[in-house]
Amino acid sequence: MKVTFYTGALRKTQWREFGVRFLFGGLVTVAAGLIAKKFGPSVGGLFLAFPAIFPASATLVARHAREEKEQAQLTGSKRAPAVAALDSRGTAMGTVGLIVFGVLAWKFLPRHNTALVLIGSTLVWFCVGATLWWLRKAIRTSAWARRRRRRTA
Amino acid sequence: MLKEILFRFLVGGALVSVFSLLGSLFKQRSFAGLFGAAPSVALATLSLTVRREGAPYASFEARSMIAGAAAFLVYACAVTLILARYRTSTLRTTATSLLLWLALSFAIWLAWLR
């Protein structure tokens, strides 16, 4: 259940792909500000949790998976959505952290130092997401081990 | 006004790129996926809003963000289910499901925040 780094992914990712994410991120941030200005912070705040780069990044993940399969002379039409689904499952766990981030920012921003609240909330976001990911893995691994023991017994 | 828009664009774009870069460093796909729900737009917007409009205004925005994040959770679960079960096109599935996020976040806003 070790989480491993893979710097080779950076070499695989084209700078154009980061450019797409930069563009989407910038546009959504501008849109959130303009919506808040036009309709007030209550509506504008909804867009702080808009899935800004998720469609773009999931599509890029699927494209990389398809290209890997195509290099092995396979179509990758089944593998690509399966890999994107894995990415999306992780995102779902991250959204639970995002809810906690929102609660912390809501409660602590008016009374505490902004930088501290935002950095602390970001750390909590990561811890919540990572803990959920680890818990799911641990539950699945132990269930798999139980099934295996039963089969060998 | 134009200067502020440009500043927001640069800060938002930079934060989204940083989180996306961090996510691409992890080998496990599902762990890297966590960064798809990074609070990048929220960090950019809230820090700029506190400076311009004050902390209570930003706190009010953060309260609405909870509704958006809850809708994001349902959206991500729906996308996972559709992609895993039906193996549909990733772009089409993630893009059309954005309507689900929009409908749900406004429904939560109407029920809880209006």
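Biologist: Among contacts in chain A between residues at least 6 apart in sequence, what share joins residues at least 24 apart?

Modeller: Two residues are in contact if their C-beta atoms, placed from the backbone, lie within 7 Å. Of the chain A contacts between residues at least 6 apart in sequence, 53% join residues at least 24 apart. In chain B, residues 24 or more positions apart account for 51% of the contacts with a separation of 6 or more. This is a predicted model: local features need pLDDT of at least 70, side-chain atom pairs count only at pLDDT 80 or more, and totals for chains, interfaces and linings use all residues. Residues are numbered from 1 along each chain as its sequence is written, while chains are lettered from A and ligands numbered from 1 in the order in which they are written.

Biologist: How many helices and strands does chain A have?

Modeller: Helices (H or I, at least four residues) and strands (E, at least two) are DSSP runs, numbered from the N terminus. Chain A has six helices and zero strands, in the order α-α-α-α-α-α from the N terminus on. Chain B also comes to six helices and zero strands, and its pattern along the sequence is α-α-α-α-α-α. The C-alpha trace of chain B spans about 45 × 40 × 25 Å along its principal axes.

Biologist: What percentage of the 153 residues in chain A is buried?

Modeller: A residue is buried if 20 or more other C-beta atoms, placed from the backbone, lie within 10 Å of its own, exposed if 12 or fewer do, and partly exposed in between. Buried residues make up 43% of the 153 residues in chain A and 54% of the 114 residues of chain B. From A:Arg149 to A:His112 the separation is 37 residues in sequence and 53 Å in space, C-alpha to C-alpha.

Biologist: Which elements give two or more residues to the side of chain A that touches chain B?

Modeller: Start with the totals: 74 residues from chain A and 72 residues from chain B take part in the contact. On the side of chain A, the elements giving two or more residues are H1 (8-12), H2 (15-39), H3 (41-44), H4 (54-71), H5 (79-108) and H6 (114-152) of chain A. H5(A) gives the most, with 25 residues. By class, that side has 48 nonpolar, 22 polar and four charged residues (Ala, Val, Leu, Ile, Met, Phe, Trp, Tyr, Cys and Pro count as nonpolar, Asp, Glu, Lys and Arg as charged, and the others, Gly among them, as polar).

Biologist: At what angle do the axes of H5(A) and H6(A) cross?

Modeller: Axes are lines fitted to C-alpha atoms, for helices over the stretch in contact, and angles run from 0 to 180 degrees between N-to-C directions. The axes of H5(A) and H6(A) cross at roughly 150 degrees and come within 8 Å. H5(A) is therefore roughly antiparallel to H6(A) (under 35 degrees is roughly parallel, over 145 roughly antiparallel, 65 to 115 roughly perpendicular and the rest oblique). Their crossing is right-handed: a crossing is left-handed if the near helix is turned anticlockwise from the far one by less than a right angle, and right-handed if clockwise. Among the residues that meet are A:Gly90, A:Gly94 and A:Phe101 in H5(A) and A:Ser121, A:Trp125 and A:Gly129 in H6(A). This contact has 15 nonpolar, six polar and no charged residues.

Biologist: How far apart are the axes of H2(A) and H4(A)?

Modeller: They are 10 Å apart, at an angle of about 165 degrees. H2(A) is thus roughly antiparallel to H4(A), and the crossing is right-handed. A:Glu17, A:Val20, A:Arg21 and A:Phe24 of H2(A) make the contact with A:Ala56, A:Ser57 and A:Leu60 of H4(A). By class, these residues are four nonpolar, one polar and two charged.

Biologist: What do the buried residues of H4(A) pack against?

Modeller: Their partners are H2 and H5 of chain A together with H1 (2-24) and H5 (90-96) of chain B. The buried residues of H4(A) include A:Phe54, A:Leu60 and A:Arg66. Those of H2(A), including A:Phe22 and A:Val28, pack against H3 and H4 of chain A and H1, H3 (40-53) and H4 (55-86) of chain B.

Biologist: What phi does B:Arg87 have?

Modeller: Most residues other than glycine have a negative phi. B:Arg87 is not a glycine, yet its phi is positive, about 50 degrees. It sits in the loop between H4 and H5 of chain B, and is partly exposed because 17 other C-beta atoms lie within 10 Å. A:Gly40, which follows H2(A), has a positive phi near 95 degrees.
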